[in-house]
Amino acid sequence: MNSIQAPAVDKYLTRVPEMVPAWQREEPVVWGTQDGPLNSENIAFYEQNGFLQVDSLLNPDQVRRCHEELDRLKHAQDLLASELVIREPHSQDIRSVFRAHQVSEVFSDIIHSPRLADMARQILGSDVYIHQSRVNYKPAFGGAEFDWHSDFETWHAEDGMPLPRAFSISLSLTENYEFNGPLMVIPGSHKTFVPSIGETPAENHRTSLKAARLTIGTVDHGVLTDIAQEKGIRQVTGPAGSGVLFDCNILHGSNGNITPFPRSNIFIVYNSIENKLRAPYYAPKERPHYLADRDFRVVPRHVPSQ
């Protein structure tokens, strides 16, 4: 198990006035050595590429109950009036509902499930807590695109996450076709930290979460072109119930959805308990806790019954 501490001087410089060189990652991608749900081939692929597709993370009954929850949340008036709900940039359709593990018992059971949490502990080499969770609707006929970015760049700059020792799981609740705006990743890009240009505005999250085209926290097009030409772009498709694990620093984005087929998913971020948030590195103040939880409550380990 690794125990690397954040350096006294921040090396993940970002939100700069002009482009500075990208930084080659020194920290591990896979921090743990203990056994877990992922086999050695899975771990090797994830370490090299920064993502891993996994089949059948949810069974058909779980998918059905999740769809019922998606519909329930769409009609929960107290929730709809809260800041946990983000609308699409060009309509009043729901884009995301945050704190999925707190607003829904169905989603909470999945997010705290032993299989997912054990994957997180296996990769991150420690106990974990939920940094963020949400459900994304990506509605038919208008689900907007989301620009290329690294999650860690935002979590470091605006939330104070010291090191890239977090990862995400996206669980598909609908079929992910190549044409309904699936996740796109650049394999191997997780090993390079690309700074973003521009100072973080106050309350940046109020516009960035709803925007289709990011202005802060995105990747310079010239840099992105060079990385994509070298490493390629991969679309992540698959049936409902499948999922994808991806490193917090991998470059990713998605196209808009103009098809009749929505693309809904549960998005979970697990962070190492040894990588707790500090004060933001490059923002005036910390973001709301539904975006970056500072409770640091460890996901309990499953103890088999005797």
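1. Where is the place of Arg165 in the chain? Arg165 sits in the loop between α7 and β7. This is a predicted model, and the notes below should be read that way. Arg165 has a relative accessibility of 1%. Buried means under 20%, so Arg165 counts as buried. The side chain of Arg165 has a polar partner: it contacts the side chain of Glu274 at 2.9 Å.

2. Next, the sheet. Seven strands make up an open sheet with antiparallel pairing. Their order is β2-β11-β7-β13-β5-β4-β3. The edges belong to β2 (51-54) and β3 (85-87). Each of these two has a single partner strand, so one side of each lacks a neighbour in the sheet. From one strand to the next, the twist averages 20°.

3. β2 pairs with strand β11 (residues 243-247) in the antiparallel sense, over four bridges. Within this pairing, Phe51 stands opposite Phe246 in β11. As background, strands of a sheet pair through backbone hydrogen bonds, either parallel or antiparallel.

4. β6 covers residues 146-150, and four of its five residues are buried. It is therefore largely enclosed by the rest of the structure. β6 and β12 run antiparallel and are joined by three bridges. In one of the bridges, Phe146 is partnered by Ser254 in β12.

5. Now the aromatic rings. How many aromatic pairs does the count come to? The count comes to 13 aromatic pairs. One of them is Phe152 with Phe193, an edge-to-face pair with 5.9 Å centre to centre and 75° between the planes. The pair links distant parts of the chain, 41 residues apart. Phe152 belongs to helix α7 (residues 151-159), while Phe193 belongs to strand β9 (residues 192-193). Are these two residues buried or exposed? Both Phe152 and Phe193 are buried.

6. The ring centres of Tyr177 and Phe261 are 5.5 Å apart, with planes at 55°. Planes over 60 degrees apart would count as edge-to-face and planes under 30 as stacked, so this pair is tilted. Tyr177 and Phe261 are 84 residues apart, and their pair also links distant parts of the chain. Tyr177 lies in the loop between β7 (166-172) and β8 (183-185). Phe261 lies in the loop between β12 (251-254) and β13 (265-272). Tyr177 counts as partly exposed at 28% relative accessibility. Phe261, at 38%, counts as partly exposed too.

7. Last, Asn39. This residue is found in the loop between β1 (23-24) and α1 (40-49). With a relative accessible area of 41%, Asn39 is partly exposed. What does the side chain of Asn39 reach at 3.1 Å? It reaches the backbone nitrogen of Glu41. A polar atom of the Asn39 side chain also lies 2.7 Å from the backbone nitrogen of Asn42. For a sense of span, take Asn39 and Glu158, which are 119 residues apart along the chain. Their C-alpha atoms are separated by 34 Å.

Conventions. Residues are numbered from 1 along each chain as its sequence is written. This is a predicted model: local features need pLDDT of at least 70, side-chain atom pairs count only at pLDDT 80 or more; totals for chains, interfaces and linings use all residues. Side-chain values use heavy atoms; hydrogens and water are left out. Rings of Phe, Tyr and Trp (its six-membered ring) pair if their centres lie within 6.5 Å; planes under 30 degrees apart count as stacked, over 60 as edge-to-face and the rest as tilted. Buried means under 20% relative accessible area, exposed over 50%, partly exposed in between (1.4 Å probe, protein chains only). A polar contact is a pair of N or O atoms within 3.5 Å; within protein, one must be able to donate a hydrogen and the other to accept it, and residues adjacent in sequence count only if both atoms are side-chain atoms. Two strands pair if DSSP finds at least two bridges between them. Axes are lines fitted to C-alpha atoms, for helices over the stretch in contact, and angles run from 0 to 180 degrees between N-to-C directions.
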